[in-house]
Amino acid sequence: MTVVRRLLDALYTLAAVLAALCLIIILALIVIQMLARWTGEVFPGAPDYAGYAMAAASFLAFASALNKGSHIRVSILLNVVGERMRFFLEVWCFSIATAAAWYVSWYIWRMVGFAIKFNDVSQGQDATPMWMVYTPVLVGAIILAIALTDNLITLLVTGKHRIVRDVTDAHAE
Amino acid sequence: EDWDMPMAYSATNFHSENGAKFAECVGAGTNGEINITVHPSGSLFKGADIKRAIQTGQVPIGERLLSGHQNENAVFGFDSVPFLATSFEDSGKLMAAAKPKLEEVLADQNLTLLYSVPWPPQGLYFNKEVNSVADMEGIKFRSYNNATSRLAELTGMLPVTIEAAEISQAFATGVAESMISSGATGYDRKVWESLSHFYEVDAWLPYNHVMVNSEVWAGVSDANKAAITACAETAAADGLEASKAYTQFTLDGLKEGGMTVGRAGDQLVSELQEIGETMTAEWLEAAGDDGTAIVDAYKAN
Amino acid sequence: MQEAYVIALFLFILFLLLGTGVWVGLALIGVAYVGMELFASGPTGDRMATTIWSASSSWTLTALPLFIWMGEILFRTRLSQDMFRGLAPWMARLPGGLVHTNIVGCTVFAAVSGSSAATLTTVGKMSIPELRARQYPEKMVIGTLAGAATLGLMIPPSLTLIVYGVTINESIIKLFFAGVVPGLVLAGMFMAYVAIYSFVGRDWKPDVETGMSFADKMKNSRFLIPVMCLIAAVIGSMFAGIATATEAAAIGVIGALVLAALQGSLNWSTFTESLMGATRTSAMIALILAGAAFLSLAMGFTGLPRALADGIAALDLSRFQLLMVLLVFYIILGCFLDGISSVVLTMAVVEPMVREAGIDMIWFGIFIVVVVEMAQITPPIGFNLFVLQGMTDHEMSFIARAAIPMFLIMVLMVFVLIWFPELATWLPDNVRQAPG
Ligand code: NA
Ligand code: NA
């Protein structure tokens, strides 16, 4: 069990680090594009690559944002109900969220399939095959779905989910 | 049957108005058996997503500027080869020459072509007077695809990539100083606030194509197919007339806005023709036998 | 009748999912899913994937994480603290004190960024901890921030005005000029409210800065220089024509890193913390944007916003009546949709109505922006509320209540615009850009 736990946690961290790298890539792409223009050079496709990095950064960070409590929710009801009721409410929330995340993952998976079937290529100057840039998004969506499933199972087994609000994000303020 | 029809341009654009009339015609012609709702302004799907949406059956029908998809197949760019067909008449002939090949390529992608309507011809916008290619040297030119980048390269301009959303701002702040586009784009974006000259070089006339998903099409009764095809023919003819009328209207509008509008000088035209031949040759290389067949059929006419 | 049924169902599912605590982005996906399954024939999931991809991979969106990152750097190094050290002695004696920094900060930042979320996170990250430390009433801190951040949409550059201008073929530059004065007036109205509150508010007991001599004040002002330079660099790069709006965001990040390094507060841990914090915050916003895009698609397929706009067109109203009905219409729509979606989904029907009533379309653009700004702070779906919840850990209901005065000020602003249309039309009519 602890091996699975360690693997899962490593997976979330890895995805978050990759997402952060994507943010640096966005910055680098925009800076290079700017420098290229100033010096009369061209960097074809830079805006397209920045867009792909944006999507990848968002999706790869979804799971880590969930586990660190960054995704927001309306918790008025959760805060007023008793312990037992809260447990059922949390189960309901995690069930809906888990279903939604797997649903999204499945259809992004299908989108990758279509992209390969129709040989879909980016319309920008980058001419990247679309399945390549869909893949990080698919991976991120699946990792979010795994993280939600992980939380749901933990909740059902132990009575507590694993979301811990990152203190440096909020309380330090 | 209800068909949702995404269109990329705003409701008042002549393509959208034409599409709305087509939808009405289909409703009447099929006695309400097929009821098309148009969704202009990219309110359902953005322009870039519309072709894929029709292919995969997310919507039965839609309109798309196919030259945006040249990366997929160079044939889609037949209408955007600079200086190959430089009038409504020539462009109509080119469209006719390309149609069989285009329909074949689309059929492979689960798409059936209903009708095509050209945009007004593409001209050059500058913030100064330009009489020769030499005058273009070093001007910052808005490029948005490989062909426009290549055009900048061949004319000695500096291609800068500016996304559509930032066009006005880019011209106002001088990030870009020139672009190639129809008089309509300049008129819609009111570019006379930042740019001064428009040269009618009629470089090419890109087409918007209304396409239907082939599986959906196969399920339409023969009577309704005939009705829709008839409406499509009317729409193609009306759209062409609207495009011609709009060309004059927008050129007048640019003048009224204070721009110098006119044909390019002889020297510029002949220099651009030369560049056009280079780019046609390059396109033919990319488009292979299909491209050669289209250009041969066009030139034979 | 069909419409009433659709509306009731949408509302029920929305409140059920949001109210029970389902994460906002996923709840929106759930609502949109139900709407699509019931009212649109065809493949819901594939349509969703297309829309989510296109909403998530947009190039114009890339400025958002960069601005968030810049805010994180300023917050995690000592830069934002310094700025307040420089500002405090000057502003503490003003009625309203340092709360004005929220409004001034948002106004300045609005000139850099076209989105309200970026404005909010950047300014909020810096100002909230400082204002809290000085015991300003929490409601004022949160409320003014929620309200003033919406100026990001009105003061150019503005994504909303770009979308509006492209949709109805009006000059974006004229729209940008039109937004300047109303934006400043609105900021002034927010500041006036803060000043009045400082006299009448019972919970207004901020720490008073100890008296400082003029020389000390001047000496303290040197702390302002770094951040002022950064702001000047970001705005200046845009107006000098060396950077587009998105590139200005990149300049902001690099500038903040350079400042932090010069100051000696940049190290591996502040760098990685700021980067990971920005990654998570932008992921949070991206999930909501993805859900909102899907909901907007569902609305498009059901045709609901258009049907409602059609209903208004059939009423045959006078000019003022039309504006009032549209005000209410967009406020209600704004509760459930983001501003850009409500513009795109309704403009096809609203534009001819407004033109026919003889209303200036540039002026109407500013009217729309004020109304869309309200949408940012109205529950249940208000982006500024979400972002602030993410930043402060307050319940959304608390934030929404804190923002009510700002909402009312914006309603007042609509009437000010109706009474004095020149606020929006004078500048664009009189600034004529010399061609070439
Ligand atoms: Na702004
Ligand atoms: Na709202």
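**Note on the interface of chains C and A**

1. Eight residue pairs are in polar contact across the interface of chain C and chain A, both residues at pLDDT 80 or more; a polar contact is a pair of N or O atoms within 3.5 Å, where within protein one must be able to donate a hydrogen and the other to accept it, and residues adjacent in sequence count only if both atoms are side-chain atoms. Helix α15 of chain C (residues 268–302) gives the largest share of the side that touches chain A, 13 residues; helices are DSSP runs (H or I, at least four residues), numbered from the N terminus.

2. This is a predicted model, in which local features need pLDDT of at least 70 and side-chain atom pairs pLDDT 80 or more, while totals for chains, interfaces and linings use all residues. Residues are numbered from 1 along each chain as its sequence is written, chains are lettered from A in the order in which they are written, and side-chain values use heavy atoms, without hydrogens and water.

3. The rule finds one salt bridge across this interface of chain C and chain A (a side-chain nitrogen of Lys or Arg within 4 Å of a carboxyl oxygen of Asp or Glu). A:Arg110 and C:Asp46 meet through their side chains in a salt bridge, at 2.8 Å from N to O.

4. In chain C, 65 residues are in contact with 65 residues of chain A (heavy atoms within 4.5 Å). About 5,600 Å² is buried between the two chains, 71% of it on carbon and sulfur atoms; buried area is the accessible area (1.4 Å probe) that two parts lose on being put together, summed over both. C:Trp23, C:Trp53 and C:Arg280 lose the most area in chain C to chain A, together 17% of what that side buries.

How values were computed: Helix = DSSP H or I, 4+ residues; strand = E, 2+ residues; numbered from the N terminus.
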